[in-house]
Amino acid sequence: MMAMSEKFSLEFNLKAGENNFMSKNNKAFVGWIKSAPGITISGSIILAVFATIYSGPYILVNVIITGGMLALVATGLTLILGVLNIAMFAHGEYFMIGSLTAYYVFTPISNYVNENPDSILAITGPLIAIALSMISGAIAGVISEKIVFGPLRRRSTDNWVMNSFLLTVGLSVLLINLHQLIFGADFKGIVRYWGGMPTEIAGVFISRDRIMAFIISAFIVLVFWLFMTYTRTGRAIRAVSQDVTGAQIVGINIENIVLLTIALSCALSGVAGGSLLFMYPSYPTMGLEPLYMAWFVVILSGLGNILGAVVGAFMVALLKVMTVEYVGAGWDFVVPSILIMMVLIFKPSGIFGSEVRGVLDK
Amino acid sequence: MLLEVKELDAGYGYLQILRKVCLTIDKGEYVCIVGPNGAGKSTTMKAISGLIKPMGGKIIFNGEDITGLPAYEITQKGIAFVSEEMNLFVNMTVQENLLMGAYIIRDKKIQRDRLDFIFDLFPRLAERKKQLAGTMSGGERKMLAIGRGMMSNPTLMLVDEPSFGLAPQLTENVFQSLDVLAKSGVTIMLVEQNVTKTLSVTNRGYVLENGKIGLAGKSSDLANDGYVRKVFLGV
Ligand SMILES: Nc1ncnc2c1ncn2[C@@H]1O[C@H](COP(=O)(O)OP(=O)(O)O)[C@@H](O)[C@H]1O
Ligand SMILES: [Mg+2]
């Protein structure tokens, strides 16, 4: 995390110097804005360290778990925004679908393990449930593309940003109500995935499930980042998000990339829901909170900026956890919202700039 | 015949721009299309490269009917399009942009060979290979766009207004590099505003006006044609 943040501030400081829209007497202010990534990242780290010393390391644990989950949801959101040009407001529902899948897969496994405690399923069972939550997210994404977004795109791309946005809102309502209709509105949760004694790390006891949840999200984000940076297909996805015509010219089949992107993004959201089932039980509107939080991350880090979204996820998580700790539990939406409004007013391209600047202007 | 365009109709939505455009290119030729602004030169190239679907007519490439194929398939068949807007990937480095140009080549070794070839041709790109494409100057971007088009080792290159917006010195550079390509056996179709220069370097030319081919012939003949001299060269 530290090393990565440093790399960011370097990279993005190099790119600064393009915000000349402010008047001269604001020079000092502009100077501060220009190093926004550096200031925010180092500020966040200092804040995290102080909170940890002051209130105890559990703060850090909560930030890391929440941040890992947010990173999964937000990178998917940012990817869909960049490649499909869709402001996605149904993304939380893939999170819900993932947790629902994990619940229905894990419950029978858990019953079986209770009767046969020595079964290998005690260890692999949760992994199976989490893997299937990822797959169900991907499938739900593909279905949405095939019956909702694809048909709209082929019919007309006039006013695309608005129309597709409205479609995602409709899709969200539809999926929430389908859940309620078929599975009911009650909480569908589990007590634990792995169980066992909590592990002690640097004086704090952390449950195995939390450690695994973090390992899973860190692993997936890392693999995803390597995929986007170094593989032919990952590069093709970035190419489409930067210039669709250019991508067609070099021989990329756009339809394939679009389908892959939506499958990947929804899989990331689904696996986040699945791996956190032990903390957040499944119920119809459970996706709204991760959705809003992920949008905070995307706005904070800059639209379409995948690497920035990972760092931004941990910042928003820190903000949320600190707010709950020091301001009060009811405020964890208010404080981030105020911050996001300030970002939109003072640095609309996000703290890390934007990888696909202008995608919404097309 | 490498490319044969037969009675091509094309346009945008319901708006028809091209009317029965016919043209041919033989292997190894260096052909140009000249014409006033808005005549439909770019539209012709977009239709051939598959970015817009023809409304009528046929496009035959290497003896194969490619009319209406999606752009990525046409690229795979060996036609590279260097557009007027360049359509570079602005947040990728120069080298990444070039490698994207070789997207249809899966063999890493061939990719590297192509990259070396382009860096030899444009040493400037080699110096800047780690720089983001979006931060390059206009002339460098043009070179990069042409280089990216070359990366797939195309049989036919469609180049749209490579000198647009460039300083005279850079224009000269761009024409020189196209010359090198033409001499190395690549078939080129060039669209240019700079009519005198274009007619002096190409073998053959077409004059496009209002979506129709008005004149066609050897470039040297066109350069001496009374009508062309009057309308385009102002003499
Ligand atoms: N995307 C588009 N949508 C609608 N009309 C277009 C579009 N692009 C070009 N045109 C129109 O098509 C005509 C021919 O344009 P173009 O082929 O770009 O001309 P040229 O390249 O010869 O200058 C012009 O009248 C232009 O306004
Ligand atoms: Mg043009």
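Residues are numbered from 1 along each chain as its sequence is written, and chains are lettered from A and ligands numbered from 1 in the order in which they are written. In this predicted model local features need pLDDT of at least 70, side-chain atom pairs count only at pLDDT 80 or more, and totals for chains, interfaces and linings use all residues, while side-chain values use heavy atoms, with hydrogens and water left out.

Colleague: Which element gives the most residues to the shell around ligand 1?

Modeller: Helices (H or I, at least four residues) and strands (E, at least two) are DSSP runs, numbered from the N terminus. Strand S2 (15-25) and helix H1 (41-49) of chain B each supply at least two residues of this shell. The most, three residues, come from H1(B).

Colleague: Which residue has a backbone N or O atom 2.8 Å from an oxygen atom of ligand 1?

Modeller: A polar contact is a pair of N or O atoms within 3.5 Å; within protein, one must be able to donate a hydrogen and the other to accept it, and residues adjacent in sequence count only if both atoms are side-chain atoms. B:Tyr12 places a polar side-chain atom 3.4 Å from a nitrogen atom of ligand 1. A backbone N or O atom of B:Gly40 lies 3.0 Å from an oxygen atom of the ligand. At 2.8 Å from a ligand oxygen atom, the backbone N or O atom belongs to B:Lys41.

Colleague: What is the area buried between chain A and chain B?

Modeller: Contact means heavy atoms within 4.5 Å, and 20 residues of chain A are in contact with 22 residues of chain B. Buried area is the accessible area (1.4 Å probe) that two parts lose on being put together, summed over both. Carbon and sulfur atoms give 57% of the total, which is about 2000 Å².

Colleague: Which residues meet in a salt bridge between chain A and chain B?

Modeller: A salt bridge is a side-chain nitrogen of Lys or Arg within 4 Å of a carboxyl oxygen of Asp or Glu. Across this interface the rule finds one. With an N to O distance of 2.9 Å, its partners are B:Glu96 and A:Arg238.

Colleague: How many residues does H9(A) give to the side of chain A that touches chain B?

Modeller: Helix H9 (232-242) and helix H10 (244-249) of chain A are the elements that give two or more residues to this side. The largest share comes from H9(A), with six residues.
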